[in-house]
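Thank you for asking me to look over this model. My comments are set out below as numbered points, for someone meeting the structure for the first time.

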Amino acid sequence: MHRTVPSLPLAPSVKVKLINAGFQVASDLTDMRPLQLCKEAGISQEEAVEVLQMLRDDGQPHQQRAATESLTALDLLHQEQAQGSIVTFCSALDDTLGGGVSVGKTTEICGAPGVGKTQLCMQLAVDVQIPVCFGGLGGKALYIDTEGSFLVQRVADMANAAVQHCTLLAEDTEQRQALEELTVEKILSNLFLVRCHDYVELLAEVYLLPDFLSEHPEVRLVVIDSIAFPFRHDFEDLSQRTRLLNGLAQQLIQLATQHSIAVVLTNQMTTRVSNGQSKLVPALGESWGHAATQRLILHWEGLRRLASLYKSPSQMEATIQYQITVQGFRDSPDEPRPVPDVSAVSSQSGNHSKRPRMEDLS
Amino acid sequence: MVILREGICPGINEEFIKALQSEDIKTVEDFVSCNLEELAQKCSLSYKALVAVRRVLLAQYTAFPVSGGDLYEELLSSTAILSTGNPSLDKLLDSGLYTGEITELTGSPGSGKTQVCFSVAVNISHQLKKTVLYIDTKGGMCANRLLQMLQTKTPNMEEQMEALQKIKVFRVFDVFSLLACLQHLRSNGLQKASVGGGSVKALIVDSVSAVLSSLLGGKQNEGMSLLMQVSGELKMIAKDFNIAVLVTNHVTRDGNGHLKAGLGQSWSHVPRTRVLLQRVEEAETSSIRTATLTKSSRQACHLVEEFDLCHWSEERRTSISGKRKLEERSKP
């Protein structure tokens, strides 16, 4: 094998001893017996067994392939076209996102209190269960609640509205059959809820997610509402917080890619003062901004609720209006406003500047 | 460090090695730097045999100096400059990405790093018809966007599919998988990738900070070592195979609130050229970005160029037709 010893996933103390004994490449180690390795490197028997076990696993075809397999962009294109996305029932937002919240990516939803982040998350948890024949994914959802803002009654209302919406759309027999199985009880039973009270529980839960997802392969959505709350108070060491968050983000994107699920995270807003002006920016720091693949910022403008796509690898930036009704997250009935001049952009509410839709520029 | 084993040189057998090990000489370096007379007395090995073995080992393991003229000739014949697909960026980078070097893009979230990486990949696979290796650590690879960019370059579907086939994507999410991937590429993966697709000319890693930043700092003692290993692998791949390596990095804010590239001072020495991408302050809604050259061995630093992210999707936008302001102003 061509792996060098310093690059192997072993404890640093063990690696130092192995290197001092003169082992440079993983192939030097493969022919050793545990006792021999013990004596030559000066490590304990358990450590020697662990090292050899890890090398044997690494040599397995499927492990090696995971790191070294490559897809061509063409294969990826076919994969992406086969994967769906989760609709939000707000067609303007779906258009902005390119069909809905995409599967296989992490999406971060930031917003001031009360703007509708939890509502959107609950709506997505219902929408992921829409059967495939109606254009949905027909999957289950896992909702990790850290704030305690999950209300079952509200989800039941949204589920009811979704079922009624599908009933109106049902045309052929396949859809009608699927509709018979789609009831509010079924939707609620396909929603797994976990309550985490602090960041340690959250980290543990994410650590256990791969096993959970292997046992429940129909799960297509994981919502963490919110990821900011456990990390924002009582955390003294900010650099440790950044490291933990970055590690968490990488684990989540790995899960999203390997199990084909959509991961949705909710974040809070904080105020940044610069040049005598204050601006609302997403919380958790500058480096957290790089963690999620897509970023959606929800903000108020007077009495209107707006959603801006701030960061996306495939979609253009845009701002749309939405509203929250009894049935859940929906389109706003107002006409989209014509884009004002740049000079008229106001930041009275101190929110993130408006982003008018690009297509309206003339 | 090369371990002394029997067979690496005639004259070294099992007893020889045992005798040396009893004197705590385990590697070639230890052997050639020790005093042979003392060794001959302590180990009761013949002095002549020791000198002969040392001569052979030195011949086998020494590095030989190369003259500057030869190096220059080699450089002229093997280096290629790859255009990024965007004239303003090319101007900033002194006509493009150089093979054999690491170039770094850094910027805030949403500043366009991934878009520039896509543009480079599409340009190389379509225009230059060479293979591109794309290592994605953040899940930002979106083949649909690549297709969109290709569609603005050519309406021919076959050409688009061909270009897409030349972009090979690896998805790794932690540093050990990244190292495994890079080492595999260095040993035999690159030849495999080039068969049937044209030789590999570029390696894009998006992003290198996602896998490394959680390991640096605090009481962790392995972070630096892994960072240096990654940089070593990238440099070896760039040099040995004449490939242009493009990496992306995140930004953090320093004490005064100014943006600086992530991963610290140690990483700042690794790339040859560094570019900082930023949104234009006044109009936050536009897709105009500025690129600032922060480190370069060929051009004066702090050159700024503006470019439009929509340059790569001209078809969709009829009003703003990919204007690129080629202003060159040096920062005060």
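The points that follow concern the interface between chain A and chain B.

1. Please keep in mind throughout that this is a predicted model, and that the values given here are computed from it.

2. On the extent of the interface, 58 residues of chain A are in contact with 69 residues of chain B. The area buried between chain A and chain B comes to about 5400 Å², and carbon and sulfur atoms give 56% of that area. Within chain A, the residues that lose the most area to chain B are Arg243(A), Gln250(A) and His290(A), which together account for 12% of what that side buries.

3. On polar interactions, there are 25 residue pairs in polar contact between chain A and chain B, counting pairs with both residues at pLDDT 80 or more. The count of salt bridges between chain A and chain B is four, and one of these salt bridges joins the side chains of Glu286(A) and Arg253(B), at 3.0 Å from N to O.

4. As to which parts of chain A take part, the elements that give two or more residues to the side touching chain B include helix H1 (12–20), helix H6 (73–82) and helix H14 (238–259) of chain A. H14(A) gives the most, with seven residues. By residue class, the side of chain A that touches chain B divides into 22 nonpolar, 22 polar and 14 charged residues.

5. Finally, strand pairing crosses between the chains: E1(A) is joined by two bridges to strand E5 (residues 167–171) of chain B, and these strands run antiparallel. Thr72(A) has Lys168(B) as its bridge partner in E5(B).

Key: Residues are numbered from 1 along each chain as its sequence is written. Chains are lettered from A and ligands numbered from 1 in the order in which they are written. This is a predicted model: local features need pLDDT of at least 70, side-chain atom pairs count only at pLDDT 80 or more; totals for chains, interfaces and linings use all residues. Side-chain values use heavy atoms; hydrogens and water are left out. Contact means heavy atoms within 4.5 Å. Buried area is the accessible area (1.4 Å probe) that two parts lose on being put together, summed over both. A polar contact is a pair of N or O atoms within 3.5 Å; within protein, one must be able to donate a hydrogen and the other to accept it, and residues adjacent in sequence count only if both atoms are side-chain atoms. Helices (H or I, at least four residues) and strands (E, at least two) are DSSP runs, numbered from the N terminus. Ala, Val, Leu, Ile, Met, Phe, Trp, Tyr, Cys and Pro count as nonpolar, Asp, Glu, Lys and Arg as charged, and the others, Gly among them, as polar. Two strands pair if DSSP finds at least two bridges between them.
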